[in-house]
Amino acid sequence: MRVAVLFIDGVGIGRNEPEVNPLASGDYLLSHFQDEAPRALPEGGLCFPVDPTFGVAGRPQSASNQTAILTGQPAPVLIGRHVLGYPDAPLRELLARHSIVKRLVAAGRSATFANSYPVAYLDALKLTRRPSPSAPEFTLPPAALRRLKASASTLAFAAADVPLRTLDDARAGRGLTHDISGERARTRSLSAPQRTPAEAAEVFWQVAGEADFTFFEHYLADEAGHAQDFAAAREALDTFDAFARAVIATRPPDARVLVCSDHGNVEDLTTRSHTRNPVPVLYFGPPAPGLETLATVADVGRTVLRLLDVE
């Protein structure tokens with residue numbers, strides 16, 4: 001049995017109000033709304049609304065909640081606050097000790113991150129990467145190097161010494177760009193393949209064929225939410241939804257797929273801030289015990305471990 005997680009940053013369960021909620025203006029897998037029963041999903045999929053706040057004061061943030069997902073631990077509770085952006089020292093310690101990737105590898109399972117990164121970025125952060133025959137795409141000036149920080153996802157895989165993918169992998173059909181299409185990389189003068197969502201889904205399952213656990217992250221919806229940009233939000237949601245539907249439609253019989261977010265944002269474009277709304281966790285695959293216990297975003301990580309028989 002294999003498990004795949006498609007992570008999208010900044011998508012919560014808001015109101016069914018198309019004028020402020022892009023999810024209400026389209027029929028997306030993630031179009032679920034407050035005070036409404038979860039909508040029917042293809043392939044017998046299930047939706048579980050979960051809490052992103054952990055009862056901690058303030059608005060949920062990316063660093064602490066992504067750490068919660070990737071450790072199965074209630075990170076905001078353990079450190080007493082929500083942390084935005086990139087993990088600080090306490091969160092980095094949690095990831096180093098409790099990464100679900102580290103636990104899977106220690107139990108004899110294999111794991112891989114489907115996203116591809118520029119070599120210069122990975123080397124600047126001293127993250128383990130796959131071999132790349134190409135020269136670094138750019139050189140970071142000292143000021144940029146001082147500001148550079150690793151994400152929760154890269155740190156979770158680094159905790160298990162799992163090599164990260166480079167743009168060479170993306171070009172060779174062994175990895176994906178975070179925007180799925182590759183357009184964002186090309187606008188920044190980086191060489192990346194142009195792909196449709198269906199083509200990206202095919203690459204995803206080729207990558208996932210190597211591992212028991214495969215993770216992919218997409219953060220443009222959160223970016224659009226902060227900008228209160230309705231057009232950018234629709235574009236990000238359109239692309240991710242088409243990709244996720246293609247992944248689910250071509251899911252091998254031995255694979256289970258979870259789609260999740262870390263906190264709300266894009267579902268309420270009246271504000272630039274994250275919301276305290278519940279977030280949807282979607283499941284696609286054969287019947288699995290314990291899904292009904294999903295209560296917080298940390299339970300996504302715990303579910304991955306349970307599905308792969310690692311407790």
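How much space lies in the second largest pocket? The second largest pocket holds about 270 Å³. A pocket here is an open set of points on a 1 Å grid over the protein atoms alone, where a 1.4 Å probe fits, with protein on both sides within 12 Å along at least five of seven lines. The volume is the space filled by probe spheres set on the points, which are joined across faces, edges and corners. This is a predicted model, in which local features need pLDDT of at least 70 and side-chain atom pairs count only at pLDDT 80 or more, while totals for chains, interfaces and linings use all residues. Residues are numbered from 1 along each chain as its sequence is written, and side-chain values use heavy atoms, leaving out hydrogens and water.

The second largest pocket is lined by 15 residues, and Asp179, Arg184, Leu220, Glu235 and Ala236 are the closest to its centre; a lining residue has an atom within 4 Å of a point. Helix 9, helix 11 and helix 12 are the elements that give two or more residues to this lining. Helices (H or I, at least four residues) and strands (E, at least two) are DSSP runs, numbered from the N terminus. By class, the lining has 5 nonpolar, 4 polar and 6 charged residues. Ala, Val, Leu, Ile, Met, Phe, Trp, Tyr, Cys and Pro count as nonpolar, Asp, Glu, Lys and Arg as charged, and the others, Gly among them, as polar.

The largest pocket has a volume of about 870 Å³. Its lining consists of 32 residues, with Tyr86, Tyr117, Tyr121, His178 and Tyr219 nearest the centre. Two or more residues each come from helix 1, strand 4 (116–117), helix 9 (183–187) and helix 11 (220–227). Helix 11 gives the most, with 3 residues. The classes in this lining are 13 nonpolar, 11 polar and 8 charged.

Tyr117 and Tyr121 also belong to a cluster of ring pairs, together with Phe7, Phe113, Phe157, Phe213 and Phe215. Rings of Phe, Tyr and Trp (its six-membered ring) pair if their centres lie within 6.5 Å; planes under 30 degrees apart count as stacked, over 60 as edge-to-face and the rest as tilted. The count comes to 11 aromatic pairs. In one of them, Phe113 and Phe157 are stacked, at 5.0 Å centre to centre and 10 degrees between the planes. Phe113 lies in strand 3 (residues 111–113) and Phe157 in helix 7 (residues 152–158), so this pair ties together parts 44 residues apart in sequence.

Phe216 and Phe243 form a tilted pair, 5.1 Å centre to centre with 55 degrees between the planes. Phe216 is in strand 6 (residues 213–218) and Phe243 in helix 12 (residues 230–249), 27 residues apart. Phe216 counts as buried because its relative accessibility is 0%.

In helix 3 (residues 89–98), Leu91, Leu94 and Leu95 are buried. They cover an arc of only 95 degrees around the axis, so they are on the same side of helix 3; the arc is that of the directions from the helix axis to the C-beta atoms. Helix 1 (62–71), helix 2 (75–79) and helix 7 are among what covers the buried residues of helix 3.

Conventions: Buried means under 20% relative accessible area, exposed over 50%, partly exposed in between (1.4 Å probe, protein chains only). Contact means heavy atoms within 4.5 Å.
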